[in-house]
Amino acid sequence: MSNYRINNKALPEMFRALGNPHRLALFRRMLSCCHPGTECPVEGEWSVSELAEGLGIAPSTLSHHLKALHQCGLIIMQRRGKQVFCRIDPTAVEGLRHLFTITSTQQEQQP
């Protein structure tokens, strides 16, 4: 099992960010490229315009949602020239996975 320690201050912010349906959809879209226990490769990056496809929200709203995901530590954003690329932060995903693994294990151990 991983030695990852959950940052109890950041965790509520992560859940708050994922509580929004658009942010959850964005996060799930980005997460679809990653395999558990591995870091997303460069191919796992999404341009903001790619992420916008099919969401039906204004660019300013998309920017707001991505900023919220970035600020709570769920995604990494990197500007290259005029484009911004986003990818999942593997540390955050590992922390969430670890949290749910511990919670699941504790529930199984209860009589």
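These legends walk through close-up views of a predicted model. Residues are numbered from 1 along each chain as its sequence is written, and side-chain values use heavy atoms, with hydrogens and water left out. Because the model is predicted, local features need pLDDT of at least 70 and side-chain atom pairs count only at pLDDT 80 or more, while totals for chains, interfaces and linings use all residues.

**View 1. Three strands make an open sheet in the order β1-β3-β2, with antiparallel pairing.** Since β1 and β2 stand at the edges with a single partner strand each, one side of each is left without a neighbour in the sheet. Strands here are DSSP runs of E with at least two residues, helices are runs of H or I with at least four, and both are numbered from the N terminus. Two strands pair if DSSP finds at least two bridges between them. β1 (residues 46–47) is joined to β3 (residues 83–88) by two bridges, and Ser47 has Phe85 as its bridge partner in β3.

**View 2. Strands β2 and β3 form a hairpin.** Look for the two residues between the strands, and for Gly81 in the turn, with its positive phi of about 65°. Six bridges join β2 (residues 75–80) to β3; Ile76 finds its bridge partner in Arg87 of β3.

**View 3. Glu45, Arg80 and Arg87 are linked in a network of salt bridges.** A salt bridge is a side-chain nitrogen of Lys or Arg within 4 Å of a carboxyl oxygen of Asp or Glu. The closest N and O atoms of Arg80 and Glu45 are 2.7 Å apart. Arg80 lies in β2 and Glu45 in the loop between α2 and β1, so this pair ties together parts that are 35 residues apart in sequence. For Arg87 and Glu45 the N to O distance is 3.2 Å, and this pair links parts 42 residues apart. Glu45 is buried at 13% relative accessible area, whereas Arg80 is partly exposed at 38%. Buried means under 20%, exposed over 50%, and partly exposed in between (1.4 Å probe, protein chains only).
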